[in-house]
Amino acid sequence: MPALNVQRISLWISLGFGAVMLVAFVAFPGFFPPMSPRMSADQVAAFYRDHQSAIRFSMITFNFCSVMLMPLYMVVVYQMKRMATPTQVFAYSYLSAVVSGATLFALADLFWLIAAFRPERDPNLTMLLNDLAWITFVTPVGMLIGQNLCLALGIFFDSRPRPIFPRWVAVVSVVTALAMAPSAAAVAVRTGPLAWNGVVSFWLRTGAYAVFLAVLFFAARSAINQEERDEASDALEPMEAAGAAV
Amino acid sequence: MWLFVLGDLFIFLAYFVIFMIYRRWDPTLFLGSERHLDLAIGAINTLVLLTSSCLVALGVGAARRAQLQRAARFVQGAIACGALFLALKAFEWVRLAHDGYTFTHNNFFMFFFALTGVHAFHILMGFIVLAVVRRELRTDHFREHVVVAGAVYWHMVDLIWVVLFALLYVMR
Amino acid sequence: MTAAPDRTGKRDLWICWWTAPVFYLLFGLIFVLLTRVMPPPRPSMSTAQIGAFFAEHRTTIQIGFALLIVVIAGSAVLSGLVAYQMKRMSVQPVFAYGYIATLAVGAVPGCLLCAISFLTATFRPDRDPHQIAMLYDVALLSFVGSLGCFAAQYLILAIAILLDKNKIFPTWFAYVSIWQIVTELLAAPVFIFKHGPFAWNGAIAFYEGTLLFGVYISCFIPLLRKAIQQQPSERLPA
Amino acid sequence: MQLSFNRRITLVWSLLCILTITSWLLASARGHREFSPSTGVTIGILVAVVVKSRLIIQQFMEVRAAPNWLRHVTDGWLALLVASILALYLW
């Protein structure tokens, strides 16, 4: 009974910090609209000069809060280990992919902050940091895709009569992975929907992942509820058996 | 809990000393900046926090006399006061920032926002602590030491604010 | 199987435990004596001064960080040991996984990026000084300013200790862990200030935080030792 | 003193409030525009801080009924606080 509290606490931690991250997302002046990859070095430098406070506020917030989503992912890992899959291997793969994905985001966040630290820096170097930040943030979707595919496979192979996560979560997970995949093209394209400020690479990718996180939250919550109910009935069964014996 | 409270008190002592050292280096700037603060909000916030501390103390008394529902109501009142404190604080922050006195404006405002920010974080933690206390009061066999420990934490938050109020708002 | 003698039964745990004092000793040696990252050089240095800093300490930086990138895995061994002890707690292993995950994130931006940037900066001293100054910022801001991963780790550890009914670690250590969260919060302004107590070499952002980290780690290592000692050697949990 | 618990707490609370309002008045007594250094005001404020802190520690935190070491440590903290503030202020 107290053990289950840990999962609920984890969910609430992630929900709370996730909400704060939403504020940080809105506060970052480089997201509305997303900065164009075709900005000149001087324009980029001017952006960091003019919006210094807002950039620092939102990126420090991201720095602090993004890793706080980890408890939610770890609840998913734990629930994946409970799935009736042939082995628990996907849970560990998922854990590994989550860690690498979070590391990439932490790096992108630092590049933004370093660029804003000295806006008076040589504009070419500011642009270098800005490119590093955007490319690290938008393009390496592989780890996210890996997470979602591991999760989807786990759900498909889960042979419980009542699966830990419903099958449609697997479908959403795969669809999200597909929606994020084209963002990798932003490493080479500088205009159009595939550029890092494009509809596909930025809005579709970010939006799809945000929606997916919300789905994951509710799926995890109902999995925890189900686990509690299962445990309660497991605890009853021996008693009933004992009662029958008498 | 006492270990945490004492440790925290000494950590804050270090912050206060560092603040005073910087104040010593530039007293005119600090005094000149102090005038931009709204003394009334600071004073009212002090009263709000003192009241909430008082409610918690009364709650502990009620819990000892086994009036658990009464105690829970006191704790709820204390949480409400804490929320009022934070609301006033947020209003004050927004107004100062709106007038251009932001975190980076000068050394005084740097300390002001950092110290009040850390204190606000302690209040947020205090909400969790008081929620635990309230939950404890709802159980039939509540543990007195948990309730007392939560109360001690909340009084510490109050105590730190009393010193902060003096240093940031009223010192001349 | 007969009960193995205590020492050999927990051999692996003791190997992990001994990495802790060795790793932190090396860590201190590298960061304080060799590479001069602790206490940190001033953020307000001019480009020329930064160049001079690297020129002066080039050899020791290279020795120190070359050593660090070899021994950094000590932190991974340690987080494995802590996670193992957390799995012995009465709480579900969710937090043990979280501990591994947050520290695995923290190793790259919080420690290795600093080493890599300093090494890159010293690799070609004749590089454009502005580029060297940028690497200097990257190194110090990532080292002092990777807040979230460590704050999350302390939060997870603190909550796990508070909820644990097996009392693997004493309750007071949860509070020591919570202070670390507060110091991480107070390190957030390093991204803003170049002078004063909140700069990356400031009295509050650096010295107070480091002091509290010293308290934390000098409590943690003996506590881990005690936790291993008190663990019954028969029936070691997986 | 044989005061009931609630009475004593309420009394402490009113004392604390009075002291707060006094400091408030003390700080604004010389007109809102007058922000000059004043050792008298500062010392008055610090006295109020000492009294308030000690009331909170002794009465609310119930240190008055606590073991000796705790009483000494909290008193030591308060003494250290005021001494360092005063020293740094006057120096």
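The side chain of Thr136(A) has a polar atom 2.4 Å from the backbone oxygen of Leu132(A), a polar contact if one takes N or O atoms within 3.5 Å, one able to donate a hydrogen and the other to accept it. This is a predicted model, where local features need pLDDT of at least 70 and side-chain atom pairs count only at pLDDT 80 or more, while totals for chains, interfaces and linings use all residues. Residues are numbered from 1 along each chain as its sequence is written, chains are lettered from A in the order in which they are written, and side-chain values use heavy atoms, without hydrogens and water.

- Thr136(A) sits in helix 6 (residues 123–138) of chain A; helices here are DSSP runs of H or I, at least four residues, numbered from the N terminus.
- With a relative accessible area of 14%, Thr136(A) is buried (under 20%, 1.4 Å probe, protein chains only).
- Beyond neighbours within four places in sequence, Thr136(A) is in contact with Leu104(A), Leu107(A), Ala108(A) and Phe111(A) (heavy atoms within 4.5 Å).

**Helix 5 against helix 6**
- Helix 5 (residues 89–117) of chain A packs on helix 6 of chain A at about 160 degrees, with axes 8 Å apart; axes are lines fitted to C-alpha atoms over the stretch in contact, and angles run from 0 to 180 degrees between N-to-C directions.

**Between chains**
- No contact joins chain A and chain B, and their closest C-alpha atoms lie 9 Å apart.
- Chain C and chain D are joined by no contact either, with closest C-alpha atoms 16 Å apart.

Methods. Helices (H or I, at least four residues) and strands (E, at least two) are DSSP runs, numbered from the N terminus. Buried means under 20% relative accessible area, exposed over 50%, partly exposed in between (1.4 Å probe, protein chains only).
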